[in-house]
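Biologist: I'm new to reading models like this one. Can we look at it together, one question at a time?

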Amino acid sequence: MTSVRIGRSMVGNEYPVYVIGEIGLNHNGDVGVAKRLIDVAVESGAQAVKFQKRTPEIATPEHMRDVPRETPWGTMSYLDYRRRVEFGEAEYLEIASYAMRAGIDWFASPWDVPSVEFLEALDVVAHKVASASVTDLALLDAIAATGKPVILSTGMSTLDEIDRAVETLGTDRLVIMHATSSYPMPPEEANLRTIDTLRGRYPGVPIGYSGHERGLQISIAAVSLGAVAVERHITLDRAMWGSDQAASLEPQGFEHLVRDIRIIGEAMGDGVKRVFPGEEAPRAKLRRVPAL
């Protein structure tokens with residue numbers, strides 16, 4: 001497997017699992033909340049946090065723009081809601097500075113070509129392709145042209161659609177994430193064996209897991225199946241307003257997830273059977289018949 005450098009970290013079999021705290025829109029347009037979520041990721045031991053960046057007038061589907069949306073700021077159109085929660089340059093400069101001082105990398109999922117240009121001006125360490133954007137080849141072309149590492153989520157996508165995306169992006173600096181885009185995702189839709197399918201279909205490309213389930217078990221199982229990166233939404237409180245909050249992990253849950261991922265990483269070993277130092281005393285005491 002080829003390893004990919006993203007900011008301060010390497011992603012691949014020989015390295016600790018790359019853990020991303022997906023902040024997304026769980027900040028609800030509040031930089032203070034975004035900073036507190038960065039703190040959660042840092043204190044939990046994640047290597048990166050991720051946001052979402054849209055140009056609302058481009059990224060909002062035409063049929064959704066005028067749909068009324070009940071929000072904490074009153075009833076507004078879906079387009080106005082998107083404008084309300086979107087960070088601009090000043091907010092992202094503040095976030096970038098805060099993340100740098102905290103010692104964690106940050107990047108975002110651009111949902112349109114101007115958002116790629118926006119993020120490039122901020123010199124993000126990588127770009128994330130959201131599952132909804134897998135078929136947006138113009139966007140993928142713009143992301144590929146940056147030369148930055150790319151993390152590709154594969155929810156709501158067929159293998160043929162993923163093939164086209166991979167062909168567009170190239171594989172030199174690519175990490176692919178198995179995902180199922182249900183919010184929250186029921187266990188029967190996790191289909192974790194797809195991690196092996198993707199590994200076999202795209203040899204040499206690191207394969208990770210982006211989860212939208214409740215709880216920790218499925219993400220931990222993904223690591224046991226060889227996922228080299230894990231992304232989970234994080235929130236200060238699942239009761240907060242927002243469509244992604246229910247499928248997110250609160251601070252203690254995220255801390256426990258990262259802790260368990262690190263333990264599993266140590267426990268996986270190298271596959272070489274050996275007698276470990278801790279076995280020497282029991283072997284001397286309990287083995288009655290020595291080896292020939």
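Biologist: Is the crossing of α6 and α7 left-handed or right-handed?
Modeller: Keep in mind that this is a predicted model, where local features need pLDDT of at least 70, side-chain atom pairs count only at pLDDT 80 or more, and totals for chains, interfaces and linings use all residues. Residues are numbered from 1 along each chain as its sequence is written, and side-chain values use heavy atoms, leaving out hydrogens and water. A crossing is left-handed if the near helix is turned anticlockwise from the far one by less than a right angle, and right-handed if clockwise. For α6 and α7, the crossing is right-handed.

Biologist: At what angle do helix α6 and helix α7 pack?
Modeller: Helices here are DSSP runs of H or I with at least four residues, strands are runs of E with at least two, and both are numbered from the N terminus. Axes are lines fitted to C-alpha atoms, for helices over the stretch in contact, and angles run from 0 to 180 degrees between N-to-C directions. The axes of α6 (residues 137-145) and α7 (residues 159-169) are 8 Å apart, and their packing angle is about 30°.

Biologist: Which residues in α7 do L137, L140, D141, I143 and A144 in α6 meet?
Modeller: Contact means heavy atoms within 4.5 Å. On the α7 side, the partners are R164, A165, T168 and L169.

Biologist: By class, how many nonpolar residues has the contact of α6 with α7?
Modeller: Ala, Val, Leu, Ile, Met, Phe, Trp, Tyr, Cys and Pro count as nonpolar, Asp, Glu, Lys and Arg as charged, and the others, Gly among them, as polar. Sorted that way, the contact has one polar and two charged residues, and the nonpolar ones number six.

Biologist: Why does Q47 count as buried?
Modeller: Q47 sits in the loop between α1 (31-44) and β4 (48-53). Buried means under 20% relative accessible area, exposed over 50%, and partly exposed in between (1.4 Å probe, protein chains only). Q47 counts as buried because its relative accessibility is 15%.

Biologist: Which side chain does a polar contact of 3.0 Å join to that of Q47?
Modeller: A polar contact is a pair of N or O atoms within 3.5 Å; within protein, one must be able to donate a hydrogen and the other to accept it, and residues adjacent in sequence count only if both atoms are side-chain atoms. The Q47 side chain also reaches the backbone nitrogen of V19, at 2.8 Å. The side chain at 3.0 Å belongs to R262.

Biologist: Which residues in helix α9 are buried?
Modeller: Among the elements covering the buried part of α9 are α8 (194-201), β11 (207-211), β12 (229-233) and α10 (251-268). Within α9 itself (residues 217-224), the buried ones are I218, S219, I220, A222 and V223.

Biologist: By how many Å are the C-alpha atoms of V228 and V11 separated?
Modeller: V228 is in the loop between α9 and β12, and it counts as buried because its relative accessibility is 4%. V11 is 217 residues away along the chain, yet the C-alpha separation is 6.6 Å.

Biologist: What is phi of D123 near?
Modeller: Most residues other than glycine have a negative phi. D123, in the loop between α5 (113-121) and β8 (127-129), takes a positive value, near 55°.

Biologist: Which peptide bond is cis?
Modeller: Most peptide bonds are trans. Here is a cis one, with omega near -10°: it runs from Y183 to P184.
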